[in-house]
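Please consult the sequence and coordinates alongside the text.

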Amino acid sequence: MTILQKELLHELSNSVVEMDDERTTELAEQYVENKFDVYEGIANGLAHGMDRAGKLYEEEEYYIPELLMCSDVMYAGLDVLKPHLDYASTANKHKAVVGVVEGDTHDIGKNLFKIMLETTGFEVIDLGRDVPPIDFVNKAKEVGASVIGLSTLMTTTMDNMAVVIELLKKENIRDDVVVLVGGGPISQSYADKIGADGYAPEASAAARLAKELVKELKKSA
Amino acid sequence: MNHYLCVYEENEKSLLELLQEDEVKLESPCGGNGTCGKCKVKIIEGIVNKPLVEEINHLSKEELDSGIRLACLVYPKGDITVDVLYKKERNQRVLAEGYIPEFEVNPVISKRVYTLKKPTLENNVSYETLFSRTVKNLKINNLEILKQLHKVFEEEKVTVIYDQDEIIGIEPEDTTESLYGIAVDIGTTTIVVSLVDLKKGVEIQSETAINPQTKYGLDVLSRIDFVRKKENGVDLLHKAMIDCLNTLIEKLCNKNHVSSKKIYEMTIAANSTMMHLFLGIDTASIGKSPYVPVFASEQNFSASLLGINSSPFAKIYCLSGVSSYIGADIVAGVGVCDLDKRHKNILFIDIGTNGEIVLSKKGELSSCSCAAGPALEGMNISCGMRAAQGAIEGVEIKNDNIHLKVIEDTSAIGICGSGILEAISEMLRVGLVNKAGRIKSKESIIDDENLKGYKNYLTEVDGKRRVLLGENIWVTQGDIRQVQLAKGAILSGFYSLLNFMNIDMKDLDEVIIAGQFGKHLKVDSLIGVGIIPDVLKEKVRYIGNSSKTGALMCLLSHESRKKMEKLSKQIHYFELSTDENYEKLFTKCLSFKK
């Protein structure tokens with residue numbers, strides 16, 4: 001790797017953390033002009049910065065507005081890099097199906113999770129909000145997802161997460177996917193009770209957890 | 001000490017459920033989800049499961065070592081003895097009073113006296129026939145009236161009770177001096193009951209209580225969830241509320257030497273969930289998208305159907321609401337303020353776990369409800385408590401010191417909604433917290449002339465920053481985030497309505513703050529954290545418990561009743577969570593930048 005590429009990657013990461021969209025676009029253009037590896041630009045530049053932003057969120061330094069601003073900046077950079085991306089390098093991405101469970105229409109938490117999943121390298125299929133349990137199962141089967149992410153803000157709808165897990169068992173694909181749950185009323189105990197594979201209080205930690213769990217899933221497969 | 005023996009049951013019930021079934025009062029704001037950490041108990045004897053991860057997060061090592069646990073996560077494996085650690089129920093402030101507009105007293109219920117002709121051998125027709133000859137337009141189709149007829153004929157005079165033109169009851173002798181009613185506001189947290197003299201047209205006295213349903217969950221969603229999960233949940237919550245209302249009615253009657261049998265009508269204002277539960281109606285549909293209530297319009301029933309302590313002829317009138325999240329309590333407030341009639345642009349807001357907002361653009365009304373969370377009520381805050389004795393309710397930061405105002409001037413044991421709001425407002429003002437809501441680090445203020453004097457108030461625990469307010473009382477970074485969420489929810493609702501109605505913030509003539517919790521939030525704090533934008537500072541007015549006032553007006557005035565029924569149909573409801581631009585707006589509103 002050239003010194004210039006290293007520098008650009010470092011700067012890309014910084015400009016995401018610093019929420020500077022103009023600088024990010026400039027850097028991304030410069031990166032492309034130099035014909036550096038685009039996949040690396042995303043993973044070690046833009047996504048690296050977003051990952052740092054997620055950690056700052058966990059450390060309470062950043063909050064939702066900062067995290068979303070960073071993600072806007074990351075996506076601005078991606079718009080520049082993506083057209084130059086080699087198809088082969090995206091083909092074997094793990095897929096994740098995410099959505100807000102049926103009965104709930106509050107989706108900010110899910111959106112944050114989606115961003116962080118993309119940052120960690122997942123291809124995310126977003127089913128939106130108020131999603132019937134069976135839709136998660138069907139979509140996961142259709143795309144061969146390794147992760148299902150379920151989100152809710154309301155106590156009254158959280159039990160639909162358990163319904164999704166039951167349906168996965170019925171369809172005999174429970175062991176093929178990692179199920180992550182999150183949202184205001186959700187806790188680790190609740191995740192354990194309904195037999196979800198993971199829970200984290202923050203979107204960034206949840207996305208990291210998803211990555212780890214998928215690794216284990218593939219190992220045991 | 002509050003030693004308590006809990007008897008083991010075969011079915012997997014949590015200690016919290018067992019205690020609640022035995023009517024042991026225990027705070028459980030999150031409804032037993034393990035997320036709030038408030039239902040602490042000490043296990044004295046008995047075998048239970050090992051502490052779960054939430055307990056390890058919420059409890060200190062010392063607490064865990066001494067056997068303290070969270071009741072909602074403890075599953076007894078046999079009979080156990082526990083110490084219920086709740087602080088003895090402190091007197092929580094309840095706001096019963098509020099602004100009352102002028103209105104014409106014209107109650108729906110009235111009485112008239114008649115002199116009866118007694119039967120004779122020459123005229124030996126039934127009591128019913130005789131009675132109908134004296135009292136015109138009478139058709140007796142009411143069993144209660146039939147039952148009373150023989151008693152009435154023992155006396156010379158009879159008093160007839162009317163609901164407008166309809167006869168609803170009869171009483172022997174002239175009882176026109178005793179004509180009473182009850183006006184009720186059922187809040188999610190508090191209940192206010194007023195005894196009203198319908199003849200004189202005056203409110204005699206009011207009594208208040210904490211809503212007995214709070215032990216099953218603090219906010220409406222946890223109540224709805226309780227109803228959904230518990231087999232007879234709706235009956236339990238319904239009965240708890242009726243019992244509480246009857247107790248309050250009895251208290252009022254005893255204090256004022258009034259017989260409850262002389263209460264002929266009760267009017268009720270409440271949010272939609274409370275209104276459903278008051279009538280014993282299932283609430284499931286309110287708790288999930290598309291969030292529809294079973295009913296929203298005004299309701300009229302016989303009070304005996306609900307077991308309300310009153311005359312056997314008494315009626316119940318429930319005020320009308322708009323939707324699941326804009327209930328009769330808000331319609332009442334809008335009616336009290338005459339929002340529809342005034343040629344002004346007025347913003348009406350009731351601040352609570354749900355912030356309900358109504359905007360009047362020269363009488364054209366639209367509304368929305370925002371999920372503010374319970375932070376402004378002192379809940380979901382690490383040292384949070386309700387506004388009761390020992391709660392910090394005011395905070396002032398000056399001259400290198402943090403000054404506290406504590407309810408009833410005792411030593412501080414926690415912080416309530418108005419306290420947390422003012423604390424953060426002050427921290428923002430002096431700069432201990434930046435505009436993004438981040439508490440500054442100790443190192444960063446050491447060289448700052450204006451801030452270095454506060455360095456001993458700043459601390460870090462496990463890498464998480466907090467500001468100390470007193471011994472064992474602090475505001476954590478997480479607490480500030482909770483207030484930001486509340487602020488973001490309310491302010492974004494505010495802007496959404498303005499956008500929707502196409503008017504500008506500066507075109508508002510007035511901001512009316514209604515309700516229990518709003519009353520205690522100072523204008524300076526509201527402006528300080530940005531719940532209310534700066535430009536509106538001089539335009540804020542508090543109207544107190546306008547829900548109860550609305551119920552009172554409906555009890556005393558037929559016209560007010562009609563007015564509010566009409567209003568409820570004029571208020572447009574706007575669902576925020578599905579609005580395309582909402583997330584961007586909400587995010588923007590989270591910041592303390594102005």
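## Salt bridges

Over all chains, a search of the whole structure, which is a predicted model, finds 44 salt bridges. One of them links B:R438 to A:E61, with the closest N and O atoms 3.0 Å apart. This pair crosses between chains: B:R438 belongs to the loop between α10 (417–430) and α11 (442–445) of chain B, while A:E61 belongs to the loop between α3 (38–58) and α4 (64–81) of chain A.

Side chains of opposite charge can pair when their charged atoms come close. Across the interface of chain B and chain A, 5 salt bridges are found. A further example is A:D159 with B:K229, where the closest N and O atoms are 3.7 Å apart.

## The interface of chain B and chain A

The contact involves 33 residues of chain B and 31 residues of chain A. Between them the two chains bury about 2700 Å², of which 51% lies on carbon and sulfur atoms. On the chain B side, B:N33, B:R481 and B:E583 supply 18% of the area buried against chain A, more than any other three residues.

Polar contacts between chain B and chain A amount to 16 residue pairs, counted with both residues at pLDDT 80 or more. The elements of chain B that give two or more residues to the side touching chain A are α2 (53–58), α6 (220–229), β21 (464–470), α12 (477–500) and α16 (582–590). By class, this side of chain B has 10 nonpolar, 11 polar and 12 charged residues.

## The parallel sheet of chain A

Chain A contains an open sheet of 5 strands with parallel pairing, in the order β2-β1-β3-β4-β5. Strands β2 (123–126) and β5 (198–199) of chain A stand at the edges; each has a single partner strand, so one side of each is left without a neighbour in the sheet. Within the sheet, β1 (residues 95–100) and β3 (residues 147–151) of chain A run parallel and are joined by 5 bridges. A:A96 stands opposite A:V147 in β3(A).

Two helices of chain A lie across strands of this sheet. Helix α6 (residues 108–119) of chain A lies across β1, β2, β3 and β4 (178–182), and runs at about 170° to β1(A). Helix α10 (residues 203–220) of chain A lies across β3, β4 and β5, and runs at about 165° to β4(A).

## Antiparallel strands of chain B

In chain B, an open sheet of 3 strands has the order β5-β6-β7 with antiparallel pairing. Its edge strands, β5 (109–115) and β7 (166–172) of chain B, each pair on one side only. From one strand to the next, the twist averages 25°. Strand β5(B) is joined to β6 (residues 157–163) of chain B by 7 bridges, and B:Y114 has B:V158 in β6(B) as its bridge partner. Helix α5 (residues 143–152) of chain B lies across β6 and β7, at about 35° to β7(B).

Elsewhere in chain B, β20(B) and β21(B) form a hairpin with 2 residues between them. Strand β20 (residues 458–461) of chain B is joined to β21(B) by 4 bridges, and the two run antiparallel. B:T459 stands opposite B:R466 in β21(B), and B:D462 in the turn has a positive phi of about 50°. Strand β21(B) is also among the elements that give two or more residues to the side of chain B touching chain A.

Note on methods:
Residues are numbered from 1 along each chain as its sequence is written. Chains are lettered from A and ligands numbered from 1 in the order in which they are written. This is a predicted model: local features need pLDDT of at least 70, side-chain atom pairs count only at pLDDT 80 or more; totals for chains, interfaces and linings use all residues. Side-chain values use heavy atoms; hydrogens and water are left out. Two strands pair if DSSP finds at least two bridges between them. Contact means heavy atoms within 4.5 Å. Axes are lines fitted to C-alpha atoms, for helices over the stretch in contact, and angles run from 0 to 180 degrees between N-to-C directions. Buried area is the accessible area (1.4 Å probe) that two parts lose on being put together, summed over both. A salt bridge is a side-chain nitrogen of Lys or Arg within 4 Å of a carboxyl oxygen of Asp or Glu. A polar contact is a pair of N or O atoms within 3.5 Å; within protein, one must be able to donate a hydrogen and the other to accept it, and residues adjacent in sequence count only if both atoms are side-chain atoms. Ala, Val, Leu, Ile, Met, Phe, Trp, Tyr, Cys and Pro count as nonpolar, Asp, Glu, Lys and Arg as charged, and the others, Gly among them, as polar.
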